[in-house]
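Please report on the side-chain contacts in the structure below. Cover ring contacts, charge pairs and the exposure of the residues involved.

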Amino acid sequence: GLNGPQFFGFGLNQVRRVLEALPGVVAVTVPLSPSSKPYLFCFKHPSEEDIKDIQRKRAVEAAEKALENVSGCARTEGMCAVARSGGSGRITRALVKRADADKVRGSASA
């Protein structure tokens, strides 16, 4: 019998080539959790810059989620929100600034 991926043709080279050419496919190179396996590209390998971009975006999203203000008001959160943040926002902001600076440098040299 066929399993799910075989049924949908993911074992065929033509289908894999088209899937690897889709926009945003670089997201499958970085696993979402330590137990998930990253996809191994066969035809079109993503650049290191694309992989770093997706890692930065995920770090920003995770930091924003960790700092989510449930009540919507900083005054009601008090010191527990400061303790919960653990200062990780500074690192995330530095990563975002560096990514923005890299993009500016990259567009200036092009």
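The charged end of arginine 17 lies over the ring of phenylalanine 43, at 4.1 Å from the ring centre; the criterion is NZ of Lys or CZ of Arg within 6 Å of the centre and within 35 degrees of the ring normal. This is a predicted model, in which local features need pLDDT of at least 70 and side-chain atom pairs count only at pLDDT 80 or more, while totals for chains, interfaces and linings use all residues. Residues are numbered from 1 along each chain as its sequence is written, and side-chain values use heavy atoms, with hydrogens and water left out.

Searching the whole structure gives three aromatic pairs. Rings of Phe, Tyr and Trp (its six-membered ring) pair if their centres lie within 6.5 Å, and planes under 30 degrees apart count as stacked, over 60 as edge-to-face and the rest as tilted. Two of the pairs are tabulated here.

| Pair | Centre distance | Plane angle | Class |
|---|---|---|---|
| Phe7 and Phe8 | 5.2 Å | 85° | edge-to-face |
| Phe8 and Phe10 | 6.4 Å | 35° | tilted |

Ring pairs join Phe7, Phe8 and Phe10 into a cluster. Phe7 and Phe8 are both exposed, with Phe8 at 59% relative accessibility, whereas Phe10 is partly exposed at 40%. Buried means under 20% relative accessible area, exposed over 50% and partly exposed in between (1.4 Å probe, protein chains only). Phe10 is located in the loop between α1 (4–7) and α2 (13–20); helices (H or I, at least four residues) are DSSP runs numbered from the N terminus.

Helix α3 covers residues 48–66. Its 19 residues should span 27 Å at 1.5 Å a residue, and the end C-alpha atoms are 27 Å apart, so the two values agree. The expected span is 1.5 Å times one less than the number of residues. Buried residues of α3 include Asp53, Ile54, Arg56, Val60 and Ala63.

Side chains of opposite charge can pair when their charged atoms come close. The whole structure contains two salt bridges, each defined as a side-chain nitrogen of Lys or Arg within 4 Å of a carboxyl oxygen of Asp or Glu. Glu49 bridges to Arg56 with the closest N and O atoms 3.8 Å apart, and Asp53 bridges to Arg56 at 3.5 Å. Asp53 and Arg56 are three residues apart in α3, about one turn of the helix. Glu49 is partly exposed at 39% relative accessible area, while Arg56 is buried at 15%. Together, Glu49, Asp53 and Arg56 form a network of salt bridges.

Conventions
Helices (H or I, at least four residues) and strands (E, at least two) are DSSP runs, numbered from the N terminus.
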